[in-house]
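Okay, thanks everyone, let's get going. Have a look at this one while I talk.

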Amino acid sequence: MKMHCEKEEEVIRARAEGLLADNGEPASEGGAALREHVAACPICQEALFLAELFERDQRALGAQAPLPEADLVWWKAQLRARREAVRRAEAPVVFAEKAAWVTGALSAAGLAAWQWPAIRGWLALIASAPILGPHSEPLAALFVAGLVSTLVLAGVSLYLIWSEK
Ligand SMILES: [Zn+2]
């Protein structure tokens with residue numbers, strides 16, 4: 001199938017100059033001949049169709065963004081630069097936050113390991129509470145673990161609520 005027509009460019013140009021407009025006015029001589037050609041040439045029909053689509057697109061874009069091209073490009077660059085700057089400025093804060101979380105978790109783990117005998121004694125103390133039966137150390141550990149995770153969750157929630165403001 002033929003993909004190109006030697007009259008294609010001429011047809012597009014004629015369309016842009018309004019020579020193909022079928023508005024009842026007698027077309028110019030060249031226009032009439034071209035129109036006849038277009039009626040018989042699918043390649044030129046498609047080219048005209050695409051030209052129309054393109055023009056409609058351009059008009060729609062123009063309506064949405066009335067900024068001239070140069071201003072638009074400049075504005076976009078500014079926006080991108082500002083976003084970059086914010087991201088760069090935030091990076092140390094984000095890093096410090098993460099480091100604080102990791103340090104806190106490591107400290108808690110270290111403290112637990114260091115004070116393990118004391119914690120064991122404490123667990124034993126809880127386990128020996130009258131409401132719990134004998135040999136209920138695992139139960140006590142579970143209770144303490146639940147208490148700790150509740151406190152941690154509460155802390156995280158408070159932090160999230162506070163940081164959103
Ligand atoms: Zn053609």
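Predicted model: local features only at pLDDT ≥ 70, side-chain atom pairs only at ≥ 80, totals over all residues.

Residues are numbered from 1 along each chain as its sequence is written, and side-chain values use heavy atoms, with hydrogens and water left out.

So, what holds the zinc ion on the protein side? The donors are C5 (SG), H37 (NE2), C41 (SG) and C44 (SG), 2.0 to 2.3 Å from the zinc ion. A donor here is an N, O or S atom within 2.8 Å of the metal, or 3.2 Å for Na, K and Ca; water is not among the atoms, so sites may look incomplete. The angles among the four donor atoms run from 100 to 119°, and the site is tetrahedral; for four donors that label requires all angles between 85 and 135 degrees. For reference, the ideal angle for four tetrahedral donors is 109.5 degrees.

Along the sequence, the spacing of the donor residues reads C-x31-H-x3-C-x2-C. C5 sits in the segment before α1 (8–16) and C41 in the loop between α2 (29–40) and α3 (42–64), so the pair ties together parts 36 residues apart in sequence. Helices, by the way, are DSSP runs of H or I with at least four residues, numbered from the N terminus. C5 is buried at 2% relative accessibility, and C41 is buried too, at 9%. Buried means under 20% relative accessible area, exposed over 50%, partly exposed in between, with a 1.4 Å probe and protein chains only.

Next, aromatics. Searching the whole structure turns up one aromatic pair: W101 and Y159, edge-to-face, 6.0 Å centre to centre with 85° between the planes. Pairing means ring centres of Phe, Tyr or Trp (its six-membered ring) within 6.5 Å, and edge-to-face means planes over 60 degrees apart. W101 is in helix α4 (residues 69–114) and Y159 in helix α6 (residues 137–164), so this contact links parts 58 residues apart in sequence. W101 is partly exposed at 46%, and Y159 is partly exposed at 24%.

L53, in helix α3, is partly exposed at 38% relative accessibility. Over in helix α6 there's P138, exposed at 59%.

Key: Tetrahedral: all angles 85-135°; square planar, octahedral: opposite > 155°, others 65-115°. Helix = DSSP H or I, 4+ residues; strand = E, 2+ residues; numbered from the N terminus. Phe/Tyr/Trp six-rings, centres within 6.5 Å; stacked < 30°, edge-to-face > 60°.
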